[in-house]
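Let's take a walk through a protein model together. Have a look at the sequence and the 3D view, and then we'll go through the parts one by one.

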Amino acid sequence: MQALYQRYPDIRIEGENYLPLPMYRHIASFMSMFKLLLIGVIIVGKDPFTLFGMQAPGLWVWSQENKIYACMMVFFFSNMIENQCMSTGAFEITLNDVPVWSKLESGHLPSMQQLVQILENEMKMNVHMDTLPHHRL
């Protein structure tokens with residue numbers, strides 16, 4: 001990569017988030033709110049099952065006997081689901097707004113050597129295209 005910077009000092013690398021599908025974003029948002037609600041109910045200790053005329057399940061009884069562990073379990077488990085919903089696995093490379101690599105399409109990340117080669121080829125092609133005479137039709 002250093003060699004690429006030396007050859008093309010004007011190169012600029014930027015990163016940004018690649019948003020997941022709206023459905024997954026909504027699931028992650030719901031999980032975030034549900035997590036806070038569930039932790040609040042565990043801490044308060046009010047049995048929500050009595051509102052529905054149901055007997056409290058064993059998991060609820062355990063959560064009331066082990067509030068700290070239950071809250072931690074809810075927090076980490078819901079964060080895992082939220083992160084899974086928000087993760088796209090995208091690694092997309094564009095050069096002058098032209099896509100040159102897509103992990104979503106190829107299914108894998110390029111090696112450093114492949115990445116440098118792809119970028120060098122694209123840069124050479126852009127330089128070559130800029131030197132061609134422009135013809136009017």
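What follows is a tour of the overall layout, a few helices and some of the residues inside them.

## The big picture

First things first: this is a predicted model. The protein has six helices and two strands. Starting at the N terminus, the elements come in the order α-α-α-α-β-β-α-α. Of the 137 residues in the protein, 23% are buried. If you take the contacts with a separation of 6 or more, 49% of them are between residues 24 or more positions apart.

## Helix α2

Let's start with α2, which covers residues 22-44.

Which residues of α2 are buried? They are A28, M31, K35, I39 and I42. The buried residues of α2 pack against α3 (58-65) and α4 (67-86). Just after α2 comes G45, which takes a positive phi of about 85°.

## How α2 meets α4

The axes of α2 and α4 come within 9 Å and cross at roughly 175°. That makes the two helices roughly antiparallel, because an angle counts that way when it is over 145 degrees. On the α2 side, the contact includes Y24, R25, I27 and A28, and on the α4 side it includes K67, A70, C71 and V74. Sorted by class, the contact of α2 with α4 has 16 nonpolar, three polar and four charged residues.

V74 is found in helix α4. Is V74 buried or exposed? With 15% relative accessibility, V74 counts as buried, because the cut-off for that is under 20%. Leaving out residues up to four places away in sequence, V74 touches K35, L38, I39 and I42. Take K35 from that list: V74 and K35 are 39 residues apart in sequence, yet their C-alpha atoms are 6.5 Å apart in space. K35, I39 and I42 are also among the buried residues of α2.

## How α3 meets α4

Now for α3 and its contact with α4. These two helices pack at an angle of about 115°, with their axes 5 Å apart. Who meets whom? W62, S63, Q64 and E65 in α3 meet K67, Y69, A70 and M73 in α4. By class, this contact has four nonpolar, two polar and two charged residues.

S63 sits in helix α3. This serine has a relative accessible area of 5%, so S63 is buried. Not counting residues up to four places away in sequence, S63 touches I42 and A70.

## Aromatic pairs

How many aromatic pairs does a search of the whole structure find? The search finds three. A pair of aromatic rings is described by the distance of the centres and the angle of the planes. Here are two of the pairs:

| Pair | Centre to centre | Angle between planes | Kind |
|---|---|---|---|
| F49 and W60 | 6.1 Å | 70° | edge-to-face |
| F75 and F76 | 5.4 Å | 80° | edge-to-face |

Where are the partners of the F49 and W60 pair? F49 lies in the loop between α2 and α3, and W60 in helix α3, so the pair ties together parts that are 11 residues apart in sequence. F49 has a relative accessible area of 22% and is partly exposed, while W60, at 9%, is buried.

## A glycine in a loop

Our last stop is G89, in the loop between α4 and β1 (92-95). G89 has a relative accessible area of 30%, which means this glycine is partly exposed. What does G89 touch, not counting residues up to four places away in sequence? G89 touches K103 and L104. G89 and K103 are 14 residues apart along the chain, and their C-alpha atoms are separated by 7.6 Å.

Key: Residues numbered from 1 in each chain as written. Predicted model: local features only at pLDDT ≥ 70, side-chain atom pairs only at ≥ 80, totals over all residues. Heavy atoms only, no water. Helix = DSSP H or I, 4+ residues; strand = E, 2+ residues; numbered from the N terminus. Expected span 1.5 Å × (residues − 1). Buried < 20%, exposed > 50% of the residue type's maximum accessible area, 1.4 Å probe, protein only. Contact = heavy atoms within 4.5 Å. Axes fitted to C-alpha atoms, helices over the stretch in contact; angles between N-to-C directions. Parallel < 35°, antiparallel > 145°, perpendicular 65-115°, else oblique. Nonpolar A, V, L, I, M, F, W, Y, C, P; charged D, E, K, R; others polar. Phe/Tyr/Trp six-rings, centres within 6.5 Å; stacked < 30°, edge-to-face > 60°.
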